[in-house]
Amino acid sequence: MNQHIPLTGIFVPLVTPFAADGTIARPALEALAHSLLDEGVAGLAALGTTAEAAALDEAERRTVVGVVAAVCRGRGATLLVGTGGAGTRGTVEALLALGKSTPEAAAAMVTVPAFSRPGEAGVVAHFRRLAEASPVPLVVYHIPYRTGQPLSAAALLELAAVPGIAGVKYAVGGIDQDTVELLGSAPAGFAVLAGDDAFLSPLLALGAAGGILASAHLATARFVELAAAWQAGEAARARDLGHQLAALAKAAFAGPNPTVIKAVLHAQGRIPTPDVRLPLLPAGPVETAVALAGTDRLTR
Ligand SMILES: O=C(O)C1=N[C@H](C(=O)O)C[C@H](O)C1
């Protein structure tokens with residue numbers, strides 16, 4: 001098992017930039033990764049939802065991980081890699097392959113099995129099996145509005161006690177009793193990372209270790225500043241900045257992720273096209289202009 005690296009701060013799940021011919025724009029991906037690290041993020045996540053991982057073929061996924069891993073290696077940054085699928089056996093195989101190909105990955109981000117709705121006990125058994133077999137620590141990616149599988153605080157705390165499970169990317173679309181219970185009872189060393197951009201600030205206020213956030217492609221240094229402000233207990237400053245960044249996140253998610261973010265990155269000249277792959281459709285001009293203006297307000 002990999003050295004257990006503390007997962008704190010802001011992580012950006014990178015978009016996959018495409019060239020005009022539809023291939024992966026490797027130089028743009030590399031430059032984007034460097035620019036985010038220059039702005040102070042703790043690390044990068046390859047092959048998140050934001051990367052359109054489901055629309056990439058196996059060779060393209062290898063390319064993305066290779067580029068992002070090389071940047072993280074060179075910069076001493078923490079690397080997370082989205083891995084696995086809805087089945088336990090296939091996910092074990094994917095984790096073993098990740099351990100071989102990318103042993104420096106600090107953790108594999110593994111989604112709660114989608115679509116089969118196995119129930120809480122099934123989810124816990126799934127992750128126990130993965131953690132036993134995996135050469136890489138796991139971050140449970142809990143996003144019930146995508147997977148269809150809710151989890152109580154009790155189930156998440158059961159997962160938190162499993163050796164080899166380093167944290168949870170928490171994206172339940174709100175804050176409720178389970179959220180408060182989870183953050184109040186999570187063991188030391190288990191990282192609760194915000195995965196819903198609009199709820200980053202309140203989750204940090206409740207004690208989250210950081211966040212994995214697509215909208216942190218934009219106004220990156222301000223997201224880093226927000227995490228640092230909550231860490232330092234500067235509540236007034238953090239609260240104000242948190243509200244501004246929540247507004248930016250709302251604009252960045254006005255279309256399906258990552259359509260608006262790609263459009264803004266393209267408008268900023270940071271990626272060669274705003275292109276996304278079907279079934280996603282490109283962001284419209286209005287959403288793009290609103291998110292671009294919001295980014296400009298926070299970065300000027
Ligand atoms: O790719 C990710 O990781 C993220 N995906 C979420 C989603 O698309 O639902 C959003 C979050 O910002 C990061």
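**A close look at Gly-148**

Guide: Gly-148 counts as partly exposed because it has 13 C-beta neighbours inside 10 Å. The cut-offs: a residue is buried with 20 or more other C-beta atoms within 10 Å of its own, exposed with 12 or fewer, and partly exposed in between, with C-beta atoms placed from the backbone. The model is predicted: local features need pLDDT of at least 70, side-chain atom pairs count only at pLDDT 80 or more, and totals for chains, interfaces and linings use all residues. Numbering starts from 1 along each chain as its sequence is written.

Gly-148 sits in the loop between α5 (144-147) and α6 (153-160). Helices (H or I, at least four residues) and strands (E, at least two) are DSSP runs, numbered from the N terminus. Neighbours within four places in sequence aside, Gly-148 is in contact with Ala-114, Phe-115 and Arg-117. Contact means C-beta atoms, placed from the backbone, within 7 Å. Trp-230 is 82 residues away along the chain, and its C-alpha atom is 32 Å from that of Gly-148.

Now turn to strand β6, residues 165-170. Here 6 of 6 residues are buried. Strands pair if DSSP finds at least two bridges between them. β6 runs parallel to β5 (residues 138-142), joined by 5 bridges. Gly-167 has Ala-191 of β7 as its bridge partner. From β6 the chain passes through helix α7 (residues 177-185) to β7, in a right-handed β-α-β crossover. Right-handed means that, with the strands pointing away from the viewer, the path from the first strand over the helix to the second runs clockwise.

How values were computed: Contact = placed C-beta atoms within 7 Å.
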